[in-house]
Amino acid sequence: MTDSIIVTEDLTVTSGRALREVFSKQLKLEIRELLEKDPFSATDSKLLHASVSINGERISGSVLLQVPETLAHKATEIMLGVAGSPEEIRDVTGELCNMISGRVKAELHSSGFPATLGTPTVSVGQRIFLHQRSETKLCSTDWSVEGAGKEAFNLQVQIRIIPS
Amino acid sequence: MNPKILSVDDSKTIRMLLKRLFLPFECDLYEAGDGQEGLEVAAREKPNLIILDYNMPVMDGVTMLRHMRENVELKRTPVIMLTAEASPEVIATVARLGVRDYVTKPFESEQLLDKATRIVTLDLRPTA
C-alpha cells in the first residue's frame, strides 16, 4: 500500500459520496454540487460549523461541515419531527457530520489507513476556510439542496499522511 | 408487560430519533448518553433490547459490551449496534461479543425497526 492512494480527487469523490448518502438516507433530501465560485456570498444567515477529527497511526485529519442556520433548522425538523431547540439543532448538525466522517473513515480504512473518529464539535460563525499545507490533502466542495433555492453549504475534508 | 428498549448514544439526536421511531409502539424506552450510564440503566431496568453506539465519551460501546458479557444478569441481553463506525475490525469484535445485528449510520428508520422487531414484539399502541 502506498501513500499515493490518497489523492485530493479521491478525497473529493469519497466525501461527496458520503455527503450524498447521508442527506439522501437520513434526511430524504437530494443535493447537488455547486460549481460556481464562492456561492456563500449569496448566503445571509449564520453558519453552523460541525467538525469531527480522524486520527490513526498513519493519518490525521478532520471533516468540517458548514451549513446555514436555515438548513440546520430544516434538517432538525426532518430528523426529530419538531422544530428543535438551539441545542438540538447543533446536535443534529454534529450528528450529520459524524455520519459523513464515518463514511469517509471507512473508505480511508479500505485504502489501508485505519483510524478512529473524535466526537463532533459544533460552533456558529462566518465561513471557515481550512488552509492547505504542503503535507496535507484538502478538498472543499459547495453544495445545495435540490429545489431549495441557492442556499449553499460546504464540506471540507483535510487529511495529513504521517510519514512512516 | 411492555418490552424495554435501551438506547445508548452520546448523540441526543439519535436518542430523540429512536424515541420518535418507537413512540407508536407499546414499549418502554430508556436512554443513556455513554457506556457507563448505559451499564447502570441496563443493570437497573434489565432491557429486552439495547441499541448501542460505538464511539462515545466516558465508555465506548465495545467496552460496555465487554462489561455486559461479564455480568450474569446482562450477558444474554440482545444488542443491535447503531454506529457510524464501519471498520471490519470493529464489526468482527462486536460479532465475537455476541451482537445480534449491526446498523451503520446513516440509516433508514424502517431498517432499524425491522431488525428490532426480530428481537422484541412491538404492538402498536391503541389509538385514543
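V67(A) is buried, with 28 other C-beta atoms within 10 Å; a residue counts as buried if 20 or more other C-beta atoms lie within 10 Å of its own, as exposed if 12 or fewer do, and as partly exposed in between, with C-beta atoms placed from the backbone. The model is predicted: local features need pLDDT of at least 70, side-chain atom pairs count only at pLDDT 80 or more, and totals for chains, interfaces and linings use all residues. Residues are numbered from 1 along each chain as its sequence is written, while chains are lettered from A and ligands numbered from 1 in the order in which they are written.

V67(A) lies in strand 3 (residues 59–68) of chain A; helices (H or I, at least four residues) and strands (E, at least two) are DSSP runs, numbered from the N terminus. Leaving aside neighbours within four places in sequence, V67(A) is in contact with L47(A), L48(A), A72(A), T93(A) and F153(A), a contact being a pair of residues whose C-beta atoms, placed from the backbone, lie within 7 Å. V67(A) and S144(A) are separated by 77 residues in sequence and by 9.7 Å in space, C-alpha to C-alpha. G118(A), by contrast, is partly exposed, with 16 other C-beta atoms within 10 Å. This residue is placed in the loop between strand 4 (116–117) and strand 5 (121–125) of chain A. Beyond four places in sequence, G118(A) is in contact with V52(A) and S53(A). The C-alpha atoms of G118(A) and I161(A), 43 residues apart in sequence, are 17 Å apart in space.

Chain A comprises three helices and seven strands, arranged from the N terminus as α-β-β-β-α-α-β-β-β-β. Of its 164 residues, 39% are buried. Among contacts in chain A between residues at least 6 apart in sequence, 70% join residues at least 24 apart. Within this chain, the axes of helix 2 (residues 69–80) and helix 3 come within 9 Å and cross at roughly 85°; axes are lines fitted to C-alpha atoms, for helices over the stretch in contact, and angles run from 0 to 180 degrees between N-to-C directions. Helix 2 and helix 3 of chain A are therefore roughly perpendicular to each other, on a scale where angles under 35 degrees count as roughly parallel, over 145 as roughly antiparallel, 65 to 115 as roughly perpendicular and the rest as oblique. Helix 2 of chain A contributes A72(A), H73(A), A75(A), T76(A), M79(A) and L80(A), which meet E88(A), I89(A), V92(A), T93(A) and L96(A) of helix 3 of chain A. By class, this contact has seven nonpolar, three polar and one charged residues; Ala, Val, Leu, Ile, Met, Phe, Trp, Tyr, Cys and Pro count as nonpolar, Asp, Glu, Lys and Arg as charged, and the others, Gly among them, as polar.

Chain B has five helices and five strands, which run from the N terminus as β-α-β-α-β-α-β-α-β-α. The radius of gyration of chain B is 14 Å, close to the 14 Å that the globule rule gives for 128 residues, so chain B is as compact as a globular protein of that length; the radius is taken over C-alpha atoms, and the rule is 2.2 Å times the number of residues to the power 0.38. Along its principal axes the C-alpha trace of chain B spans about 45 × 30 × 25 Å. Buried residues account for 37% of the 128 residues.

Between the chains, 20 residues of chain A are in contact with 18 residues of chain B. Helix 3 of chain A supplies the largest share of the side of chain A that touches chain B, ten residues. That side divides into eight nonpolar, seven polar and five charged residues. The axes of helix 3 of chain A and helix 1 (residues 12–22) of chain B come within 8 Å and cross at roughly 100°. This contact involves E88(A), D91(A), V92(A) and E95(A) from helix 3 of chain A, and K12(B), T13(B) and I14(B) from helix 1 of chain B. Its residues comprise two nonpolar, one polar and four charged.

The largest nonpolar core has 67 residues, and those with the most contacts inside it are V63(A), L65(A), L96(A), I100(A), I50(B), I51(B) and L52(B). Such a core is a set of buried Ala, Val, Leu, Ile, Met, Phe, Trp, Tyr and Cys residues joined through C-beta atoms within 7 Å. Helix 3 (residues 86–110) of chain A gives the most to this core, with eight residues.

Conventions. Two residues are in contact if their C-beta atoms, placed from the backbone, lie within 7 Å.
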